[in-house]
Amino acid sequence: MKTPKELRYAKTDEWIKVEGDEGTIGISDYAQDQLSDVVYVELMVEEDDEVSIGDILATVESVKAAADVNFPVSGTIIAINEDLADAPEVLNSDPYEAGWMVKIKLDDPSELDDLMDADGYEAYNQERE
Amino acid sequence: MFTPHTPQEIEEMVKVIGVDSIEDLFLKVPKEFRFPRLDLPEAMTEMEIASELKEISSANASTDDFISFLGAGAYHHYIPAAVDMILRRGEFYTAYTPYQPEISQGTLQAIFEFQSLMTELTGMDVSNASHYDGATAAAEAANLAYHFFRGKRRKILVSRAVNPQYRETIRTYMQGLGDVDVLGDEVGDESLSNDEYLLNMVDNDTALVMVQYPDFFGRIYDYTKLIDLAHAQGVLVAIVFNPTALGLIKPPGDFDADIAVGDGQPLGIPLSYGGPYLGIFTIKEKFVRKLAGRLVGETVDIDGQRAYVLTLTAREQHIRREKSTSNICTNQGLMALAATIYLSVLGKNGFKQVSNLCFQKAHYAAEQISALEGYELAFPDQPFFHEFVIKTPRPVNELNLHLQDHWILGGYDLSQDYPELENHMLIAVTEMISKEEIDEFVSVLSEVNHD
Amino acid sequence: MTEPTIYELSQTGRKGFQFPEVDVPASPLPEDFVRTDIHLPELSELDTIRHFTNLSKLNYSIDGGFYPLGSCTMKYNPKINEEIARLPGFANTHPLQPMETIQGNLYVMYQLQQWLQEISGFYRVCLTPAAGAQGELVGAMIIKKYHMVNKHDKRVKILIPDSAHGTNPATSSMSGFEVKSLPSDERGNVDLALLRAECDETLAGLMLTNPNTLGLFDENVVEVIQMVHQAGGLVYGDGANLNALLGILKPGDVGFDIMHFNLHKTFSTPHGGGGPGSGPVGVSEELAEFLPGPFVTIAEEGDDDNPPFYGFYWPEQSIGRMKAFYGHFGVLVRAFTYIAMHGPEGMRDIAEKAVLNANYLMKHIKEDYILPYDRTCMHEFVVEGIPPDAPDVHALDISKRLMDYGFHPPTNYFPLIVHEALMIEPTETESKQTLDAFVKAMKAIAKEAREQPELLHNAPHTTPVRRCDEVKAARDLVLCCWIPED
């Protein structure tokens with residue numbers, strides 16, 4: 001299970017890559033493994049939308065499950081990954097790079113403190129098994 | 001009774017389990033409530049119950065003995081012998097829901113064919129595997145529209161010319177969503193026409209406009225303008241249709257409807273005092289991920305052979321649980337199969353024939369009745385398919401009592417649902433009624449007026 | 001082994017069924033609306049009969065074999081039911097016929113209402129809901145309305161055990177409730193301590209299946225219901241498992257306020273490959289005014305010479321209409337016939353034999369599969385589908401391999417609280433021979449799991465099609481036949 005060191009992770013399995021006051025968000029390798037083959041992704045936000053922590057970012061459907069992806073931080077949407085609609089399987093094959101979901105301008109960087117670092121997330125995953 | 005156990009077998013089984021008697025298996029049931037006496041009639045054998053129910057059922061008036069002009073949401077059509085022959089096969093009717101595709105290809109392929117036939121019939125892109133009936137399909141259309149806008153639009157506009165029972169059902173279903181308003185069908189509009197007044201009510205808080213085609217009074221309208229204007233405001237449009245009509249008139253897809261729903265009872269399903277019937281639910285492709293109900297898709301198996309499976313099941317209740325948008329579980333499997341066989345037996349040619357027969361006979365009847373003194377067409381300027389409304393000289397229930405003496409079941413008394421339509425009868429004519437029978441109907445109606 | 005679709009069999013110009021000629025003077029067609037063409041298949045009647053006959057041969061069915069599907073009650077569907085439903089006096093009656101012309105139908109419905117009331121111990125039963133899920137929706141809506149009418153604005157929470165069927169939370173949320181999942185204790189009962197913690201002024205109700213989906217009778221059911229009542233909530237019973245209670249316990253007696261019944265499970269009406277079902281709802285006296293209508297009542301009492309005259313009734317505070325007309329009459333007639341043929345002793349016999357069969361199977365099967373809750377079960381039980389010494393084999397593989405042995409698999413992966421669950425419900429109409437054959441197959445598969453797991457991973461081998469690519473079906477959506485352009 002891959003857990004890139006530079007990212008931060010939410011208990012609900014979203015990751016965020018922070019560069020300055022901007023973040024990129026997606027779902028973790030653990031999450032895509034739990035879901036198994038993703039067949040459909042619906043992003044629930046558009047560019048310029050303002051969102052709060054916990055709002056729904058997307059619905060992800062696989063053959064055996066459907067799950068909501070939630071915002072781990074608050075902010076304003078800068079960009080969304082339009083390719084996911086046609087190639088949802090990229091969430092399985094490349095969850096941390098090509099599988100990015102949205103780019104967001106952070107409202108409140110202190111919210112990042114409530115997220116786990118890579119080691120913390122790995123430990124959390126061990127607990128759950 | 002149907003339990004096979006011999007006393008010997010019971011003894012052996014009880015021993016294996018390790019108890020003294022079957023009663024011992026129920027010790028967890030609180031003693032004071034255990035083994036209650038059931039006040040039911042003593043068991044009857046097959047012969048006895050068959051005899052009793054034969055007697056009870058023959059006391060009813062059925063379309064076997066009476067000429068029926070009743071429509072209003074359920075229609076008397078001919079069901080080819082081939083349909084019931086296939087439906088009686090235990091492989092179809094005693095099969096379970098096809099969750100194990102490897103041993104359910106019969107059911108799955110039949111539903112796939114049903115879906116295909118429904119999209120052809122309606123001119124829409126996708127059909128699901130069916131809903132309970134037309135009324136619940138209409139309610140699910142409202143549900144879909146509501147969830148499409150994620151609850152941001154809270155008005156559902158429904159024409160008063162949509163089947164009254166369907167409108168009641170929609171209201172019941174919309175209760176649970178909070179502050180959704182179902183509007184548009186208040187008493188008031190004299191001519192009961194669909195377009196203008198509904199259009200005036202459309203705004204950007206409207207999720208859906210729903211109209212019926214032919215409408216509850218049998219009238220056919222062109223909804224192109226209504227739909228264009230609704231779409232311009234981002235509003236979805238649902239059309240409630242009659243399937244037999246679609247053998248003759250343009251389908252809802254031609255009007256660019258977003259959703260087309262109806263009841264498939266006319267397609268090879270007996271009247272059966274109101275159920276079970278068949279809810280048809282078809283949509284434009286863009287709504288497919290919001291579609292409630294079962295859906296069969298084509299795929300391949302590991303040998304590369306074509307196979308059919310239930311698909312997009314993640315939308316359904318058993319996976320999404322509290323996040324699903326609908327709790328629907330069953331489809332009307334056997335009824336969908338009946339419709340599939342019916343349309344296959346009739347084929348293109350047969351279906352066009354039955355549609356034409358209904359149209360022609362209804363128009364003949366309308367012409368003959370409206371020529372009688374005291375009777376007139378309520379909506380003479382609107383084209384109709386196989387149902388029309390006659391303004392009668394006497395209350396409809398009085399006329400119907402008289403007609404019954406002549407072994408005729410008269411049309412529907414509209415004043416029950418539309419208080420301003422006293423003395424208005426909704427008459428349906430299908431291929432089941434001969435010219436002689438229509439003439440007889442006309443003759444009795446004429447006779448009544450002269451009493 | 002593929003059967004072509006009706007469109008693939010179609011031949012342009014082929015005519016099948018013929019109707020009589022038009023016997024009235026012609027009327028002009030409405031030009032603006034005439035349909036230009038309709039792509040329906042063109043087949044001979046033989047083509048159609050052969051096609052559907054061949055399709056039927058690809059199906060497994062109760063008439064063909066054993067279906068140990070937990071929670072579905074796949075019992076024998078008596079053939080007499082089919083004859084009765086087709087009697088012209090029932091099948092050929094229009095729902096809007098005047099009351100005096102269909103008293104026979106109303107009599108059947110009235111009796112069925114009475115009988116279900118008697119069997120379940122509820123004050124009133126309504127026959128209109130089209131299926132179990134719709135019956136559940138009625139239950140949730142009645143709870144909602146009850147609280148609304150009594151001005152209990154804070155009561156928004158519905159408790160649902162974690163073993164519950166997915167329709168339970170879906171229905172609750174569709175009705176505007178907040179759903180809270182309630183874990184079970186180690187014996188499979190509702191956890192009393194956790195329940196007590198939730199019994200506050202926000203509690204609207206509890207949805208309880210008893211026996212639950214583990215097949216276990218809740219050892220504290222009376223206390224559970226009392227606790228919820230004391231806290232001001234209502235208790236809804238999911239009647240899917242009623243087969244274990246016929247003549248054994250009346251749910252109304254132990255305090256359930258509402259329950260739906262599945263006529264297509266407990267009362268032998270056929271599953272039809274996915275419907276039609278029927279989900280009547282029973283309620284306590286306090287809730288009777290909220291039932292959906294219409295239901296059958298005696299409009300005029302009878303006397304020695306005349307039977308009663310039946311009519312319809314809509315309760316004053318009804319939640320509203322759930323569908324058109326009166327329910328699935330064709331299904332109701334079958335259930336009526338079934339109950340009439342069983343009588344009071346027959347009802348109890350059903351439950352006793354169902355529970356006998358389940359416990360017998362359980363005793364044998366637990367020798368090779370892990371039984372997480374090892375106590376007397378009711379009409380069904382759950383095992384783990386991973387044989388203890390074959391960790392690489394899953395419930396799915398066991399299920400698929402069972403098909404090669406000629407059996408329909410049990411319910412898979414449900415309830416969610418058992419790992420790799422296999423839920424097994426034999427029903428009362430299966431003989432000891434069938435059960436023994438099933439045990440033999442399960443034992444053989446457990447052995448194969450240890451020694452030849454690839455046989456299971458690639459199963460089934462002998463069915464009309466083999467394992468299907470469900471991912472492809474969901475990604476490359478093909479939902480209609482390919483229809484050739486003209």
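Modeller: We will go from the contact between chains down to single residues. Keep in mind that this is a predicted model.

Biologist: Let us take chains C and B. How many residues of chain C are in contact with chain B?

Modeller: On the chain C side there are 167 residues, and they meet 165 residues of chain B. Helix H10 of chain C, residues 329-365, gives the largest share of the chain C side, with 22 residues. By type, that side has 87 nonpolar, 50 polar and 30 charged residues.

Biologist: Now inside one chain. Into which domains is chain B divided?

Modeller: Domain 1 of chain B covers 67-79 + 348-449, and domain 2 covers 82-341. Their C-alpha centres are 28 Å apart. To the contact, domain 1 of chain B brings 26 residues and domain 2 of chain B brings 24. On the domain 1 side, helix H11 (333-370) and strand S12 (387-391) of chain B each supply at least two residues. H11(B) gives the most, with seven residues. That side of domain 1 of chain B holds 15 nonpolar, seven polar and four charged residues.

Biologist: And chain C? How far apart are the C-alpha centres of its domain 1 and domain 2?

Modeller: They lie 31 Å apart. The assignment gives chain C a domain 1 at 81-341 and a domain 2 at 351-471. Each domain of chain C puts 18 residues into the contact. The domain 1 side has eight nonpolar, eight polar and two charged residues.

Biologist: Next, strands. How do I read a pairing?

Modeller: Strands of a sheet pair through backbone hydrogen bonds, and the sense is either parallel or antiparallel.

Biologist: Then S2(C) and S3(C): parallel or antiparallel?

Modeller: Parallel, over five bridges; S2 of chain C is 157-161 and S3 of chain C is 178-182. One bridge joins C:Ile158 to C:Val179 in S3(C). Between the two strands the chain runs through helix H7 of chain C, residues 167-174, and this β-α-β crossover is right-handed.

Biologist: Which order do the strands have in the open sheet of three strands in chain C?

Modeller: The order is S10-S12-S11, with antiparallel pairing. S10 (381-384) and S11 (411-412) of chain C are the edge strands; each has a single partner strand, so one side of each has no neighbour in the sheet. S11(C) pairs with S12(C), residues 421-424, over two bridges. There, C:Asn412 has C:Leu422 as its bridge partner.

Biologist: What about the inside of the protein?

Modeller: In soluble globular proteins, nonpolar side chains tend to be buried together. Here the largest nonpolar core has 335 residues. Among those with the most contacts inside that core are B:Leu208 and B:Ile239. B:Ile239 touches residues including B:Val211, B:Tyr223 and B:Phe255.

Biologist: Is the phi of B:Ala72 positive or negative?

Modeller: Positive, about 55 degrees, although B:Ala72 is not a glycine. B:Ala72 lies in the loop between strand S1 (67-68) and helix H3 (81-87) of chain B.

Biologist: Why does B:Ala72 count as buried?

Modeller: Because B:Ala72 has 25 C-beta neighbours inside 10 Å, and the cut-off for buried is 20 or more.

Terms used:
Residues numbered from 1 in each chain as written. Chains lettered and ligands numbered in written order. Predicted model: local features only at pLDDT ≥ 70, side-chain atom pairs only at ≥ 80, totals over all residues. Contact = placed C-beta atoms within 7 Å. Helix = DSSP H or I, 4+ residues; strand = E, 2+ residues; numbered from the N terminus. Nonpolar A, V, L, I, M, F, W, Y, C, P; charged D, E, K, R; others polar. Domains from an automatic or database assignment. Pairing = 2+ DSSP bridges. Right-handed = clockwise from strand over helix to strand, strands pointing away. Core = buried A, V, L, I, M, F, W, Y, C linked by C-beta atoms within 7 Å. Buried ≥ 20, exposed ≤ 12 C-beta atoms within 10 Å, placed from the backbone. Lists of a residue's contacts leave out its neighbours within four places in sequence.
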